[in-house]
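Colleague: Thanks for making time to go through this model with me. Could we take it step by step?

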Amino acid sequence: MSAAAQDQAASAAENLQSTPAVKKDGPHSTELPPAQREANHKLAVDMKGRFIGPMPVEVFLEKYLTSTVKVEDHPEVPRDAFSKVATAVDEKRMYDPFVQAIAPWMLGLKAVNTSASVDTGDFPLKPDVSIFKKEYVPDRSRADFSAMEMFVEFKKSSKDAPFTDPPDKSEAARQAAIQSGSFESASNEAMKIRGQLTAYAIAHHGHQFRHFSFSVVIVGTQARFIRWDASAVVVTAQFDYNQNPEIMAKFFWQFSNLPAKLRGHDESVCPAKLQTDVEERVRSGLNLVSETPLFRYSVPGLKGYCYGPRPPYPSRSIVGRTTRTLPVWFVPPQPADEQHVEHHPQQHIKQEEASAYDPRWAIERAVYLKDCWRFISFAHNVQPEHEIYEMLNSKDTPNIPTSVCGGDVEGPGSRTDTHTLVDAPWLCVELKVTPFIHYRLVLDVVGRPLTSFRCTKELVRGVLDAMRAHKFAYEVLQLLHRDISPGNIILTEDGRGLLIDWELAKTVGEIGNRRRERTGTWQFMSAALLRKPGKLHMLEDDIESFIHVLGWTTIKYLFDIIDFHLEGAAVGGKAKARELRGGGYPPETFELKRPSPLSRLLRDLSSPFKSRYTREPPTDEIRAQLLTLTDVADDEHLPCCPLFGCMTGI
């Protein structure tokens with residue numbers, strides 16, 4: 001980009017006349033398709049390679065369901081305990097006999113047939129049988145994911161089996177299964193069922209605070225136990241529950257004897273028990289109605305507690321970072337004689353949680369809470385996000401918030417360990433999972449989403465502010481953000497942009513990939529990264545992502561026509577590269593609803609990327625090959641030119 005073009009783009013960004021944001025609703029690639037069947041299929045595709053098995057049942061029970069206290073032997077198991085389930089003429093007639101059969105081994109719990117009524121919340125789903133605490137009173141047998149301890153799903157026909165064990169236990173059979181990937185059954189129906197199970201698990205974790213959860217899938221006379229967490233899904237070998245009813249009995253007996261934290265509950269969050277005046281301030285400060293349930297969040301390193309509602313949960317996957325963010329209300333610890341919480345055995349103020357030295361944290365205030373699973377690498381030093389913020393703040397990086405505190409959450413299951421199964425003798429899949437640690441972070445600014453911009457000037461200024469933060473971090477600290485997206489740019493009350501979510505940032509000198517997945521959000525990743533999954537993430541990839549953020553937001557909210565197209569889950573970027581190469585980004589067929597220099601700004605900013613996706617001049621050798629070849633592969637001769645010059649003057 002020439003100096004004149006740089007000045008023109010920067011000037012246009014700064015002086016863009018305010019165009020009112022006339023926003024329109026419409027589909028975009030972060031939403032699930034409307035048809036549940038299609039959604040289940042998509043979830044199965046996204047989860048491919050995440051189902052780990054077949055773990056022997058006895059290993060599963062020993063590893064995951066062994067109580068820390070002595071458990072009495074379960075009641076006697078009749079040999080025909082599940083005969084009515086196994087001989088039912090259709091699937092629906094399996095539910096009630098199963099509920100009755102497992103009742104003797106459900107200490108303090110109960111099973112409910114929830115197949116006929118969906119959850120009336122965000123998830124219109126209905127597991128066949130749900131497990132609740134005995135005192136819970138369901139509303140018309142509603143599949144209440146917020147109170148559910150576990151779900152059980154049934155299929156009558158064996159042809160619907162979502163998983164397939166090797167034909168025998170030989171090493172040759174195991175290796176053949178690994179090579180073919182046959183553990184995840186390949187039929188469309190099998191994929192749909194795996195997607196259905198995943199949808200239930202997402203709903204289960206989304207309505208609760210969990211480190212992991214369990215479920216059961218029954219196909220004909222065969223059953224499997226399943227454990228879900230942020231790294232993978234462990235599935236047992238199938239067993240005949242009719243011939244071996246003691247296995248099913250032992251599972252439910254041991255599960256019901258486990259304390260809540262060993263059933264997967266995250267005990268660092270609990271329902272809030274506040275005094276009336278404090279609760280009123282919390283609700284007023286967060287603009288919450290009285291019907292919204294409040295929770296108390298513990299954050300490592302924070303002297304006091306945060307209070308707020310249940311955060312939104314990602315609807316696309318149960319595996320991965322599953323980042324959840326929300327404004328919360330910070331309440332500092334009080335003297336023992338005037339505590340802000342009601343007297344409750346599990347909600348006392350710890351002695352070491354004295355008032356913070358910073359006077360800002362001696363008063364109540366709104367803050368921004370991030371809850372996620374941060375990945376760890378045994379080959380690279382991955383800094384927690386609060387340490388990255390400390391590094392950025394120490395250099396006075398502009399247009400970023402200040403980190404108050406952060407740290408790893410403790411408790412059973414807060415650190416995934418599925419990666420340790422890599423050498424298990426029963427493993428019939430190629431194990432490539434990323435280990436995660438549950439993590440929380442508090443920032444001192446409560447912003448609003450970039451997509452809440454009030455006018456086009458505010459939109460462009462917000463992106464420009466984020467680019468300035470990125471430029472400073474790169475020049476001063478040699479740090480790349482690596483996850484530029486609209487969700488990671490927030491707007492302050494006065495309309496300025498802040499670049500957040502530095503969790504995936506790493507220094508330019510770090511070589512090699514930290515994890516098997518690509519870093520970034522698909523819609524906003526550079527075309528070069530999408531076309532070559534193993535490519536090293538570079539500066540120009542982040543800069544291109546800023547262009548896609550501005551282009552995506554403009555098209556979604558300001559254009560009349562949206563041509564929605566998702567280019568697969570593994571390789572893509574052809575449309576992005578085509579438009580950038582042709583110098584028409586975004587396509588001229590899109591027209592703003594009202595006159596605005598925004599279209600010209602997008603074209604000015606995207607113009608340097610034309611050379612990135614244009615073939616290099618052919619060498620003499622290539623010219624000779626062109627005499628005999630009709631095609632030259634697009635990706636083989638693309639230059640990777642440095643583009644930092646396009647940031648000059650911004």
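Modeller: Happy to. Let me begin with a term: a residue is buried when its relative accessible area is under 20%. Please also keep in mind that this is a predicted model.

Colleague: With that term in hand, how many of the residues of strand β15 are buried?

Modeller: Strand β15 covers residues 436–443. One side carries Phe 436, His 438, Arg 440 and Val 442, all buried, and the other carries Ile 437, Tyr 439, Leu 441 and Leu 443, also buried.

Colleague: Which residue in β15 is the bridge partner of Asp 408?

Modeller: β15 has antiparallel pairing with strand β13 (residues 365–375) through 8 bridges, and there Arg 374 has Ile 437 as its partner. Strand β14 (residues 403–408) is also antiparallel to β15, with 5 bridges. For Asp 408, the bridge partner in β15 is Tyr 439.

Colleague: Let's step back to the whole chain. What share of the residues is buried?

Modeller: The protein chain contains 16 helices and 20 strands. Its accessible surface is about 29000 Å², with 52% of that belonging to carbon and sulfur atoms. Among contacts with a separation of 6 or more, 74% link residues 24 or more positions apart. Of the 650 residues, the buried share is 55%.

Colleague: Which residues have the most contacts inside the largest nonpolar core?

Modeller: Nonpolar side chains tend to be buried together in soluble globular proteins. Here the largest nonpolar core has 82 residues. Phe 252 touches, among others, Phe 98, Trp 105, Ile 131, Met 150 and Val 216, leaving aside residues up to four places away in sequence. The residues with the most contacts inside this core are Met 248 and Phe 252.

Colleague: Ile 131 came up as a contact of Phe 252. Which residue of β4 stands opposite Ile 131?

Modeller: Strand β3 (residues 129–133) has 4 of its 5 residues buried, so the rest of the structure largely encloses this strand. Strand β2 (residues 109–113) runs antiparallel to β3 with 5 bridges, and Ala 111 stands opposite Ile 131. Strand β4 (residues 150–155) is joined to β3 by 3 bridges, again antiparallel. In β4, the residue opposite Ile 131 is Met 150.

Colleague: Now the aromatic pairs, of which there are 23 in the whole structure. Is the pair of Phe 151 and Tyr 200 stacked or edge-to-face?

Modeller: Two numbers settle this, the distance of the centres and the angle of the planes. For Phe 151 and Tyr 200 the centres are 5.4 Å apart and the planes stand at 80°; an angle over 60 degrees counts as edge-to-face. The answer for this pair is therefore edge-to-face.

Colleague: How many residues apart in sequence are the parts that this pair ties together?

Modeller: Phe 151 is buried at 0% relative accessibility, and Tyr 200 is buried at 4%. Phe 151 belongs to strand β4 and Tyr 200 to helix α7 (residues 188–206), so the pair ties together parts whose separation in residues is 49.

Colleague: What angle lies between the planes of Phe 251 and Phe 255?

Modeller: These two residues are 4 apart in helix α8 (residues 245–256), which means about one helical turn separates them. Both Phe 251 and Phe 255 are buried. Their rings form a stacked pair, 6.4 Å centre to centre, with an angle between the planes of 15°.

Colleague: Which residue has its charged end over the ring of Phe 255?

Modeller: There are two arrangements of this kind to look at. Over the face of Phe 212 lies Arg 227, at 4.2 Å from the ring centre. Over the ring of Phe 255, 5.4 Å from its centre, sits the charged end of Arg 263.

Definitions and conventions:
Residues are numbered from 1 along each chain as its sequence is written. This is a predicted model: local features need pLDDT of at least 70, side-chain atom pairs count only at pLDDT 80 or more; totals for chains, interfaces and linings use all residues. Side-chain values use heavy atoms; hydrogens and water are left out. Buried means under 20% relative accessible area, exposed over 50%, partly exposed in between (1.4 Å probe, protein chains only). Contact means heavy atoms within 4.5 Å. Accessible areas come from the Shrake-Rupley method with a 1.4 Å probe; for residues, only the protein chains shown count as cover. Two strands pair if DSSP finds at least two bridges between them. Rings of Phe, Tyr and Trp (its six-membered ring) pair if their centres lie within 6.5 Å; planes under 30 degrees apart count as stacked, over 60 as edge-to-face and the rest as tilted. A charge sits over a ring if NZ of Lys or CZ of Arg is within 6 Å of the ring centre and within 35 degrees of the ring normal. A nonpolar core is a set of buried Ala, Val, Leu, Ile, Met, Phe, Trp, Tyr and Cys residues joined through side-chain atoms within 4.5 Å.
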